[in-house]
Amino acid sequence: MAPEGGVSVEATTAELIERARGGDGAAFRAATEPYRRELLVHCYRMLGSYQDAEDTLQDTLLAAWQGLPGFESRASLRTWLYRIATNRCLNAVRATGRRQAKEWNVPNVEPPEPTRLGDVVWLQPFPDVLLEGTAGAPLGPEAWSAQSEAISLAFVTALQTLPPRQVAVVILRDVLGFHADEVAEMLDSTIDAVNSALKRGRATLRARQRSTAGGEPPPPADSPAERTLVSEFVRAYQAADLDTVVALLTDDVFVSMPPMPFEYEGRDAAARFCGSIFRAGRRFDLVPTRANGQPTFGTYLRSPDGISHGVGLIVLALSGDRICAMTRFENTALPWFGLPRSIESRG
């Protein structure tokens, strides 16, 4: 018995693919739907951009639809889709090249001298709601310690410092658990070349890990410890209580704001930056959400008319009972999280 749309819930993947080869679009969607979210996450890890990942996923599914006659089932449908997605991501990186950083654009605020200008400026957050059901295959032997870390902003940022093919190999081997021969076939490469790229990519990521090592692990998501820390931050930030905000930060806290390249490292630098915002008279309402497995807030600037207007998104990284990183994104990200453009002011 087939439901509306003509696709039987009992149909196997092989049957769906055979029907899709005959032009049955509903069968193609039914066959590929189980992999859509994990492919979106894969494209995001590869590109560091939620918007680019969405576009590349659509390109991947179109290429898969058009390439069905060449799918011989030697590999699984999932592996074949990952091959297409990975190569579409590599094409996207080549096509876009290096993105340019944006200039400082916060009205009436003069930023303090940054610690440095960052190299990874094209980075966007990923909504947690889209991570459900994307655990995928077991992690590889050198994987980040958990799937939650493998989507964290720190990990995605670190990936963007690698050459594109190293990014692909590290994700396919160490995050998704594909074997070296499978990755070599996906990339039209050799096992030796894959192992070499993996070795270099791992070395770079380990070096980056060592430079930020020493902190305590974050409290579990939505645990009492996380809720307490986050609540204290919200109260202090909304009240422009600089001393309390700074007291919640680790000594080596890291503040960044892609696509603007300004980066502030250390509690004193972060205090100068937050102070420049608060001293300008900017007061905010924060609306909670989650991105990249981390506590996140839509930031709404209060105005005299009683309306707070969305000006950005702040993603926190936690270490023990402190905040070790704050990443600010532009307000274009708000709709991805179902957040409105404006709210009634709470202050």
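Which residues does Ser-152 touch, not counting residues up to four places away in sequence? In this model, which is a predicted one, they are Asn-292 and Gln-294.

Let me stay with that serine for a moment. Ser-152 sits in the loop that runs between β1, residues 116-117, and α6, residues 153-159. Its relative accessible area is 13%, and buried means under 20%, so Ser-152 counts as buried. A polar atom of the Ser-152 side chain lies 2.9 Å from the backbone oxygen of Glu-149.

Next, the strands. β2 covers residues 249-257, and it pairs with β7, residues 322-330, in the parallel sense, over four bridges. β2 is also joined to β3, residues 260-265, again by four bridges, but here the strands run antiparallel. β2 and β3 make a hairpin, with two residues between them.

Last, helix α1, residues 13-21. Buried residues in this helix are Leu-16, Ile-17 and Ala-20. Looking down the axis of α1, the buried residues fall within an arc of 100°, so they line one face of the helix. What covers them? Among the elements that cover the buried residues of α1 are α2 (25-32), α4 (50-67) and α5 (77-96). After α1 comes Gly-23, with a positive phi, near 100°.

Technical notes
Residues are numbered from 1 along each chain as its sequence is written. This is a predicted model: local features need pLDDT of at least 70, side-chain atom pairs count only at pLDDT 80 or more; totals for chains, interfaces and linings use all residues. Side-chain values use heavy atoms; hydrogens and water are left out. Buried means under 20% relative accessible area, exposed over 50%, partly exposed in between (1.4 Å probe, protein chains only). A polar contact is a pair of N or O atoms within 3.5 Å; within protein, one must be able to donate a hydrogen and the other to accept it, and residues adjacent in sequence count only if both atoms are side-chain atoms. Contact means heavy atoms within 4.5 Å. Two strands pair if DSSP finds at least two bridges between them. The arc is that of the directions from the helix axis to the C-beta atoms.
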